Amino acid sequence: MPNRPLRFVHASDLHLEQPACGICEIPDHLREVLVESPFWAAERLFETVLAEEAELLILSGDALDLDKTGPYGPLFLVSQFERLAERGIDVYWAGGRIDPPAGWPSFARLPSNVHVFPSGRLEQFLHQRDGTPMVRILGASRPLGHEVRAKDFSPDPGGLFSIAVIHGKVNPEALRPRGIDYWALGGNHARSTPFSSPQTAHWPGSPQGRRPAEPGPHGCSLVQVDAERHVRSTFIPCDVLRWHEEQVVLDEAAGPKDLERRLHDRIKALREAAPGIDLMVSWTIVSSGRLAARLRRGSLAAELLHGLRSQYGMTQPAAWSVSLSAEAGPMLPAQWYEQDTIRGDFLREVRRLQLSAEEPIRLEADLPEPLRTGPLARAAVLDDAADRQRVLREAAALGADLLSGEEPLS
Amino acid sequence: MKINALEVDGFGVWTELKLDPLSEGLTVFYGPNEAGKTTLLQFIRSVLYGFSPERRRYLPPVHGGQPGGSLWVTGQAGECVITRHDSLDPGQPGDELLLFTADGARHGEPLLKTLLCSIDEAIFNNVFAVGLRELQELAVLKDTEAAALLYNLTVGLDSVSLVEVTRELAGSRNRLLDAGGPCQVVELLAQRERILGEITESEALSRHYAALAEERGHLEREIARLEDEKQQLGREVRVLDVAASLRERWQKRKALDQQWAALEPAEKMPEGAVERFDAFTGALNKRHRRLVEIKRQWDELRTEAAGLKINHALVKNAPRVEALQEQEHWLAALEAQSLELQTEIGEAQTGLKEEQSRLGLGEGACPPLSPQSLAAMRRPARAMRRCRQKLEEARAQVQQAEETAQALGEKIQSALAARGHKELGEATDRAGGLVAQLRRREQLDERLQQMHRRHVELEQQTQELMDREMLPVAIILGVGGMFVVGVILVLLKLAEFILPTSLLGDLGWPLALAGLVFTAAAVVIKFLLEHSNARKLEATQRQIRILHQQIRETREERDQLDRQLPASGPAPAQLQAAQRELAGLEELVPLDAQRQSARQEAEAAAARVQQAEADLAAATRRWKEAVAAAGLPVGVSPKQVRELAVRCHHLGRSSERLQHRRQELRERSEELQTLTGRIGQLAKEVGVGLEARSPMDQLHAMAEELGRQKVQLQRRGELAKRARHLRRKHGRLAVSIARIKHRRRILMDEVGAADGREFRRRATTFQQAQALRQERELLHREIESAIAGQATEAEVRKLLEEETAAGMEARRGQVQSRLAACEAQLRLRLEKRGQLAEQLRLLAENRTPAVKQLELATVHKRLREALHQWQVLGVTAQVLETVRKGYEENRQPECLQEASAYLSRMTEGRYQRVWTPLSDDVLLVDDAAGKPLPVELLSYGVREQLFLSLRLALAGSYARRGAQLPMILDDVLVNFDAKRVRAAAGVLCELAATGYQLLVFTCHEHIARLFEEMDVEVKELPDHAESRPVAALRRADRKPRKRKVPAAGGTVGLPNRAAVTAGRASGADGSATDRNGGSSRTDRKVGSSRTDKNVGSSRTDKNVCPPVTDRNVCPPYAVVAAAEHAETEPAAPSGEVAREPPAPPLEELAPWEEDKSEVAESEFADEDGDEEEPAEERDFEERLTEDGSGGAEAA
């Protein structure tokens, strides 16, 4: 049982091999930050360890894919590890899905302060301070193998503070009764804490969001353990590029000017909330009026996007608008479904398909013959329920727009 | 609307044709070819819609008659008659419509449009009144309202074309994903494959880097080994070099060691003993020299002290001398002040005397001038000054006024002299009088001229009045006429008494009275006119006389003035000269006034001078009195008194200062004498300065002597002090010499030397040994420093003792060559290591994998987006396809559903359904098996049955919308086989039974017979080509139906034809009424029952002939009709029904037998001469064919 406080940094899923992506058009002035953002975020992580004077760093897997980063990735990590070694900070690293310890290249020799858990079996390290054991760290790298189970993790019989390091999908309920003081989990790009008292299980998330689906701030967790073994986890952002999914809800009478004003107000608020960080914003406009149809079909969306990009996307730091789309589906007027028109018949047929989830929707016939057996074959089958509903919702909006005869299909 | 009757006045072959009454249901008109069935159809079209250019070919009527005719109809406005005629005159407006309602009111196009239910001509011609040609031209309905009834499947609330939407979707999908051409997805897939390949290549970077890193490690080890070898060889070379370089010094050190060992052992010599002995000896010598010097200085002091002499009295009185010397400045100041005071006193005495003499006071004292005495003198002085100023001003004014008067007088005199005058007033009066006379002379001339003009006017007026004594001719004629008329009227009245008949009738007396008035008025007017002229003439002559008198008086006055005036030229010139003279003289008048004023001013100023002189004398007297009262001399002026008042105080102060200076001079003289006595007494006591001329010189001499005595006393003190110092130094030197000698003795005792010489010898031996030792130490340090870091001494000793110089040189060459080889190898490996480091650095900094990952992710994103969009488009298209199928199956237009029923009946179930797809405005026909067939693939007969079904359905659609018009079908059943004719007849009968009016024209007797069998009224048209006057009608039904006809002669009835004609002729607005009281309905009854079934034998038997008129015969039309018939059907004689081709079983024709049906179509089209296509229609269809939009339909 430690009688002195302990500070360590917990991070996972550095994914140095994955640049920030998920956008269709890459602006030239943001290409570098998109490519380098995982490394810059990782560098901030190591600087955080030094700045916070943490005693150790725990990496819970998926630091990098050696095949995809080339030699730059392992050399970068070694250089950062050496920075910690100069300050006497130990690193405990459990390999994840993409970074098994066995694949570590010989040209990037890990310094002595890095302790890597072996694959397939559990191993423990006793971290000492001034010759006194401070914490017991046990873990395993992936692949875990059959011999490593949750029940294999047990608290220290001597009462030392125990940290379990593991990567992958786990059942928090299976971990809770094991008595481990701190489960340093990896494999989840979003920060979460399944349970926190008296023991703690924690996913710190990736230090850098990489796609629009990973919005918000990302970073690492500074964990502080007091003499009474109370664990307090503090989030420290490390990302250099932040994704945002912004939804703008407009009433039926709102026009393009209203939308433009709302967009500008919102993007200004985002910039003020995160100064010094490049922002990537995906806009979703929810409107039941004609504005939504104009956004879906006309050039209004492109014009608004161009305006936002030119005004806010070219600055330093940039607030780049990734996309601007109109929410489709449930916002269509209800009376359209009741009209005795082709549009009404169309919408009723779409609604029938939405309600009949078991009725298959197959597009093989629309797929050109040479492509029916290729990688696109799956695209012809809408077997995923969410995809099916999304496609039907957008199809309803598209059909309604086309049959309303307002603007040509762009 | 229903047609009750028609009457053709003249249209085509028809003249005076009446069809009355017409059934409200189905009526069949039978007539052979060229019987005029189509003409009747066109007639109905013309009456309802006018004589269009294509229908004007039926005009003028072949058999004469007025172009046009009438229709009796029943519609929404009740019973009406519609009449339309054409003027045939190119200069007149076209056709003329007359529309009368039952109440006789005339209406126009609006009511006709109401009767026609707003059906336009195109719809009427192609739906309600169709011939065989119109029946086959369904495309004509395109762009009409009827098309909407047929094809309204694709229109509705959506207002967009589903086909267009589907096409758009397909296009968008093809842009995304299309196997046949470039599309976004395929391009993205290609990009993905390319990037994946590049990523695969970039994955080898790590392996390459690892290999290079391993190679670098091996190289590092090799380099380390070579560097060790190089270091060894280098060290060996350096050892050899060091040994070679140390060989000489090594031998020398060895020799020194041997010399040192050979020296005899020296006595013990304390360290520094020699130096100390030398130091002692030197110190003793130095101190001896200093003793000699001190003795010499002592002697010099004694000599100098003996030469110094001292004045003790002066030294004793030195304080007194110094005290007097301190008062030296005071003594000089006293002398200077005394001299200065004496000079100042002299100057003051001189200045005072001068001032008194200048003020006129003499040598005496200045009298006291008190303020009161000065105030008493101030007033007389001021009065005297003012009087003097006034006197001077008055004298100046007198002088100025006199000068001004003199100048003005000279100027006036010179001006008058220039004009020859002496006095200004006289000259001015003379010039003014002359000007007045000349102006009067001019006024008289003007008055004479005016009177002459007035005289001329009066003469003219007199002449005119004299001329007017005879009245003008017009007035005389007017007055005379009035007089004559009046006389005549009176005479005519008077003549009534003579003549048997009254010429003036009932107006006799009034006219006679008027005649009297006229006569009297003429006489009065003549008298008044003549009297007025005479009065005016008299007045004018009186004025002339008065004017003559005035002229004479004026001339006399002018002559008198001429005599008074100088005869120096014309009057105007004289007037101008006189005016100029007068103006010049008038300019001198102000100058003369100024001169007079100046003289008066000079006189006034002279008076003021006299007064001022008197005042000045009085003021001078008062001044002298005041001066005498003040005690001053009488002759002083006020200015002198004022100066005296100022200087009097100054003179007093100067006298006081003079006294003060004299007192001060006395005090300074006393002080100077006291001080001079003290100096002289002191000089006697000290014996110095007795020969001096002044006390100051004595004092200076004593001070100088005292200074010299002080210097000598100070020198004597210094010499005594130096003597004491020399005495102390001599004592210290003696003690020091003794101490040094003692210490040198002790040193020699330590060395064991008896004296100094022995001590020197022993010291020399000791120094030689020390020199050898130092040289050896130096060599040893040099050898050690040469060896240091290069080799050990043992190695060098070994080399120098075991190797010779030549041997060492040979060995060094060998080692040097080995070292060069090693360095070369090492250099190569270092270069290789540098290359490897550069490669590794490039590999380590290579960011291509990340860039490719970014590109791949972007392509994946775009691919997902494209596929998602493709899915959305695909699902949308699928749903739209479902909607389209539903529409085509279940939501066909009602019109097509009804047409399907008709078609099914006409084809006895062979074709079940006619429908239109959602994708286009075309019709498809489903056969009994449900297979859809395009209309183009149907046989000719089936197509006509289809088109007839569509017309009937369209008519039904219009009827349901409130537009029910009679249908006129012209030979539309000719291509039907017997069964289908019967089926079609049944359909028509059923339609008629539901309230439709149908007029069916046919040239086939079997069709007419068929309708007769179906109890349908059949009427036979007369053969207008024959010489019968009027076409006869016969009723086929044996039970003629009664038609509702308004009662003849009723108050409300249709206008008869005469009224219509009259209305047209008068252009009445419809208010004209038939005076004969209604129409003759019997005139329109022209039909008769048809009883003879042998239709083709003799038309005369089948008709009831109307009265023969010449208008029914028109030879020219017969020629034209024959010619037309010869062109269209040369081999077929007119009206031969037997030549009709049998109706083929068209429904059995296969699609590939289309050519036959087309032949049949052309044959049928040319069968009836009336069906010849007008040139305008052909051109129109050609345009349609050329036009892309109408080409398909036209084909």
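I take helices (H or I, at least four residues) and strands (E, at least two) as DSSP runs, numbered from the N terminus. The expected span of a helix I take as 1.5 Å times one less than its number of residues.

**Entry 1. Conventions**

The model is predicted, and I note that local features need pLDDT of at least 70, that side-chain atom pairs count only at pLDDT 80 or more, and that totals for chains, interfaces and linings use all residues. Residues are numbered from 1 along each chain as its sequence is written, chains are lettered from A and ligands numbered from 1 in the order in which they are written, and side-chain values use heavy atoms, with hydrogens and water left out.

**Entry 2. Helix α19 of chain B**

At 1.5 Å a residue its 32 residues should span 46 Å, and the end C-alpha atoms are 47 Å apart, which agrees. I then looked up burial, where buried means under 20% relative accessible area, exposed over 50%, and partly exposed in between (1.4 Å probe, protein chains only). The buried residues of α19(B) are F759(B), A763(B), A769(B), L772(B), L779(B), H780(B), I783(B) and I787(B). They pack against α7 (184–262), α8 (273–306), α18 (695–751) and α20 (793–802) of chain B. Just after the helix, G789(B) has a positive phi of about 80°.

**Entry 3. Nonpolar cores**

For a nonpolar core I used a set of buried Ala, Val, Leu, Ile, Met, Phe, Trp, Tyr and Cys residues joined through side-chain atoms within 4.5 Å. The largest one has 98 residues, and those with the most contacts inside it are L26(B), I44(B), L48(B), I119(B), F124(B), F128(B) and F1011(B). Helix α24 (940–960) of chain B gives the largest share of this core, 11 residues. A second, separate core has 62 residues and includes L226(B), V242(B), I787(B) and M808(B). I787(B) is also among the buried residues of α19(B). In soluble globular proteins, nonpolar side chains tend to be buried together.

**Entry 4. Backbone: cis bonds and positive phi**

I found a cis peptide bond between Q316(A) and P317(A), with omega about 0°. P317(A) is in the loop between α7 (300–313) and β15 (319–326) of chain A. Another cis bond joins L59(B) and P60(B), with omega about -5°; P60(B) sits in the loop between α1 (37–49) and β4 (68–75) of chain B.

D13(A) is not a glycine, yet it has a positive phi of about 50°. Its place is the loop between β1 (6–11) and α1 (28–51) of chain A, and D13(A) counts as buried because its relative accessibility is 0%. D971(B), also not a glycine, has a positive phi of about 55°. D971(B) lies in the loop between β12 (967–970) and α25 (978–993) of chain B, and at 9% relative accessibility it counts as buried.

**Entry 5. R84(B)**

Where is R84(B) placed? I find it in strand β5 (residues 78–85) of chain B. R84(B) is buried, with a relative accessible area of 3%. Its side chain reaches the backbone oxygen of V47(B) at 2.8 Å. R84(B) and G69(B) are 15 residues apart in sequence, but their C-alpha atoms are 5.8 Å apart in space.

**Entry 6. Interface of chains A and B**

Counting contact as heavy atoms within 4.5 Å, I get 52 residues of chain B in contact with 57 residues of chain A. Buried area is the accessible area (1.4 Å probe) that two parts lose on being put together, summed over both. Here it is about 4800 Å², 70% of it on carbon and sulfur atoms.

A salt bridge is a side-chain nitrogen of Lys or Arg within 4 Å of a carboxyl oxygen of Asp or Glu. The rule finds one across this interface. The side chains of R847(B) and E36(A) form a salt bridge at 2.7 Å, N to O. On the chain B side that touches chain A, α6 (162–176), α7, α21 (805–844) and α22 (848–890) each supply at least two residues. The largest share, 25 residues, comes from α22(B).

**Entry 7. Salt bridges within helices**

The whole structure has 73 salt bridges over all chains. In one of them, E300(B) meets R296(B), the closest N and O atoms being 2.6 Å apart. The two are separated by about one helical turn because they are four residues apart in helix α8 of chain B. E300(B) is partly exposed at 44% relative accessible area, and R296(B) is partly exposed at 39%.

Terms used
A polar contact is a pair of N or O atoms within 3.5 Å; within protein, one must be able to donate a hydrogen and the other to accept it, and residues adjacent in sequence count only if both atoms are side-chain atoms.
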